[in-house]
Amino acid sequence: MTTLHDHPVLTALDAEWRTRAACRDNSGEAFFPIGNPDWTSERDLDRAETAKQICRSCPAAVRAACLADALQAEDRWAIRGGTTPPERRGRR
Ligand code: SF4
């Protein structure tokens, strides 16, 4: 099964925290938009809420590391650290 943490950007990182990720055994589908990366369609908003619920169950340190990685990698697609890419804009 492919998960969010099989994402090429993530697997390239030295990231022990990934082994403790709440989404580790999740399919990862909810973490990516169906269409474009603006996350504004009704279906994508539903997906985002599902992914954010999983993120809320993630250990705080893991969530912080995940968000930092997303900002560093300029991930423009996935829900990371409980945020969508549009929500991360301006935080880089
Ligand atoms: S914060 Fe969300 S995307 Fe990041 S590791 Fe945790 S569950 Fe996965």
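Trainee: What's the mean pLDDT of the protein chain?
Mentor: The mean is 87, and 84% of the residues reach 70 or more. pLDDT is the predictor's confidence in each residue, from 0 to 100.

Trainee: And where is confidence lowest, and where highest?
Mentor: Lowest in helix H1 (residues 8-11), with a mean of 52, and highest in H2, at 96. Where pLDDT is low, the predicted coordinates should not be read in detail.

Trainee: OK, how many helices and strands does the protein chain have?
Mentor: 4 helices and 0 strands, so counted as DSSP runs numbered from the N terminus: helices are H or I with at least four residues, strands are E with at least two. Along the sequence the pattern reads α-α-α-α.

Trainee: Switching to the ligand: which residues come nearest?
Mentor: There are 13 residues around the ligand, and Ala21, Cys23, Cys55, Cys58 and Cys66 come nearest. A residue is near a molecule or strand when its C-beta atom, placed from the backbone, lies within 6 Å of it.

Trainee: Which elements give two or more residues to that shell?
Mentor: Helix H2 (42-56) and helix H3 (60-73). H3 gives the most, with 3 residues.

Trainee: What's the shell like by class?
Mentor: It has 9 nonpolar, 2 polar and 2 charged residues. Ala, Val, Leu, Ile, Met, Phe, Trp, Tyr, Cys and Pro count as nonpolar, Asp, Glu, Lys and Arg as charged, and the others, Gly among them, as polar.

Trainee: How much of the protein chain is buried?
Mentor: Buried residues make up 30% of its 92 residues. Buried takes 20 or more other C-beta atoms within 10 Å of the residue's own, exposed is 12 or fewer, and partly exposed is in between, with C-beta atoms placed from the backbone.

Trainee: How many residues are in the largest nonpolar core?
Mentor: That core has 14 residues, and those with the most contacts inside it are Ala21, Phe31, Ala51, Val62, Cys66 and Ile79. H2 and H3 are the elements that give two or more residues to this core, and H3 has the largest share with 4 residues. A nonpolar core is a set of buried Ala, Val, Leu, Ile, Met, Phe, Trp, Tyr and Cys residues joined through C-beta atoms within 7 Å.

Trainee: Let's zoom in on Val62. Why does it count as buried?
Mentor: Because Val62 has 21 C-beta neighbours inside 10 Å. Val62 is in helix H3.

Trainee: What is Val62 in contact with?
Mentor: Leaving aside neighbours within four places in sequence, Val62 is in contact with Trp17, Arg20 and Ala21. Contact here is two C-beta atoms, placed from the backbone, within 7 Å.

Trainee: What about Ala48, buried or exposed?
Mentor: Ala48 is buried, because it has 22 C-beta neighbours inside 10 Å. Ala48 is in helix H2 and touches Trp39, Ile79 and Thr84, again not counting residues up to four places away.

Trainee: You mentioned Trp39. What's its phi?
Mentor: Near 55°, a positive value in a residue other than glycine. Trp39 is in the loop between H1 and H2, and it counts as partly exposed because it has 19 C-beta neighbours inside 10 Å.

Trainee: Where is Glu74, and what is its phi?
Mentor: Glu74 is in the loop between H3 and helix H4 (85-88), with phi near 50°, also positive in a residue other than glycine. Glu74 is exposed, with 11 other C-beta atoms within 10 Å.

Conventions. Residues are numbered from 1 along each chain as its sequence is written. This is a predicted model: local features need pLDDT of at least 70, side-chain atom pairs count only at pLDDT 80 or more; totals for chains, interfaces and linings use all residues.
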